[in-house]
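Good morning, and thank you for coming. Please look at the sequence and the structure as I bring them up, and follow the residues as I name them.

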Amino acid sequence: MPAKTKWSLCILGWGALLASSAHGQIADAPDDAVAGIPVNYTEAKAGSYKLPDALKLNNGKAVTDVKTWRAERRPEIRKLIEQNWFGRAPGRPADMTFDVLERSAPAFDGKAVRSQVTIFFTKDHAGPRMELLVYVPANATGPVPLFLNMSFSANNLTVNDPGVLRGRRWDRQSLKQVPAEPPRPSATAPTAGFRPLPVEQFIARGIGVATFNKDDLAPDFVDSEGLGVKSLYLKPGQTRPADDEWGAIAAWSWGASRALDYIETDKRIDSKRVAIHGVSRLGKTALWGGAADERFAMVIASCSGEGGAAIARRNYGETLAHMSAPTRFPYQFAPNYAKFGQKVDEWPVDANMLLAMIAPRPLLLQTGNTDKWSDPYGEFLAAVAVEPVYRLFGKRGLETTVLPKPGEAILHDIGYVMHEGGHGTVPSDFEVYIRFMEMHLKK
Ligand code: GCU
């Protein structure tokens, strides 16, 4: 064997060894199939790939300074992600109004002060609207940082507070919004299995909490493309957004920006210290929301997985093909996204580019070691890949290529924590979120 070949084999072998020790926290599992598409859960079969370079302009020139990043590369990446991933969304609606239903109601035994606000997007108040629920610490002496949560359910079903107004949910049969389940009977008797957003935990640390229901913006099922806020922007004759226009995720994150528009009017909150957060599909939404709207000071994405922080070019767990399969979640993205289901290597973007748009703002990725479908190691690798962009700003990435053990948080400007367990947030995650917020957003 020629010396050169031997040497490259040796590098390859060493690379594989490094890789296997790095992801050793996540055990291989048998192959599976979803929507008729095979699912790989063996790290050694995740394949090799070349990521699009976040620090190279479309014309091939390297980006070596913040000025070129801001003026040229970031706008290029934004355009690529809008066209091929989440879709273009409109700006702030000219006729938006805030109807403050309640401004200073005592909540959580007087520890917090609650506001409830309806946000109307047009003059027609019969059209789409969103309900925003906000808590600030009752003992705050100045504007507080805020944790903006996006929820899978109506506000009254997201928190354990009987004073919250009943929200709405989509009915798949009538394609209309109908009242959500009634509010929880009492603050002390939550329904079995209900894990409320731990508002008091944030309040006790001097951090405000706001939440809204994603479904107020757009429904979350197939063939819902023209409904919700998207209906307000269809041109005559158009029944669904065009190939490069917003899917549900962009509509949900657009809602987060509208929530922030309101928050900017509330002097008890420091709108320059707002962290956007969501779990799963809402983790993807938090990433795109924070990427698209630089007013968000921090992004905390839980188990965002494929279509979020996990590298799409890796064949592990959910893939772009699963995500965009007709029976699954194509409506969450710009129609162009599905075109790459069978050719992800030609996709002009990947998770490293999405995370790059968040730089230099603090970014926390939270995963779970048994949530293999969401590829927690793929999220870690994207965080490693985006580090040079953070370094351009003098910020700290993870500064390791070794996946930390479950429960061991790395909290720099980029943060990563993988809990022991599956999909979603567990109670210990909230403590990590708060620590990350205290590090970066507390004065
Ligand atoms: C599905 C989907 C994931 C998504 C998750 C969720 O599992 O495949 O991509 O993150 O739903 O939103 O709960």
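K123 is exposed, with a relative accessible area of 67%. In this predicted model, K123 forms a salt bridge with D95, and the closest N and O atoms are 3.9 Å apart. The pair links distant parts of the chain, since K123 sits in the loop between β4 (112-120) and β5 (129-137) and D95 in the loop between α2 and β3, 28 residues apart. D95 itself is partly exposed, at 36%.

A search of the whole structure finds 32 salt bridges. In another of these, the side chains of R88 and E245 meet at 3.8 Å, N to O. R88 lies in the loop between α2 (66-86) and β3 (97-107), and E245 in the loop between β9 (208-213) and α4 (248-263), so this pair ties together parts that are 157 residues apart in sequence. R88 is partly exposed at 39%, whereas E245 is buried at 14%.

D413 is buried yet has no salt bridge, and the nearest side chain of opposite charge, K395, is 4.3 Å away. A polar atom of the D413 side chain does, however, lie 2.8 Å from the backbone nitrogen of R396.

How values were computed: Residues numbered from 1 in each chain as written. Predicted model: local features only at pLDDT ≥ 70, side-chain atom pairs only at ≥ 80, totals over all residues. Heavy atoms only, no water. Buried < 20%, exposed > 50% of the residue type's maximum accessible area, 1.4 Å probe, protein only. Lys, Arg positive; Asp, Glu negative; His and termini not counted. Salt bridge = Lys/Arg side-chain N within 4 Å of Asp/Glu carboxyl O. Polar contact = N/O pair within 3.5 Å; in protein donor to acceptor, adjacent residues only side chain to side chain. Helix = DSSP H or I, 4+ residues; strand = E, 2+ residues; numbered from the N terminus.
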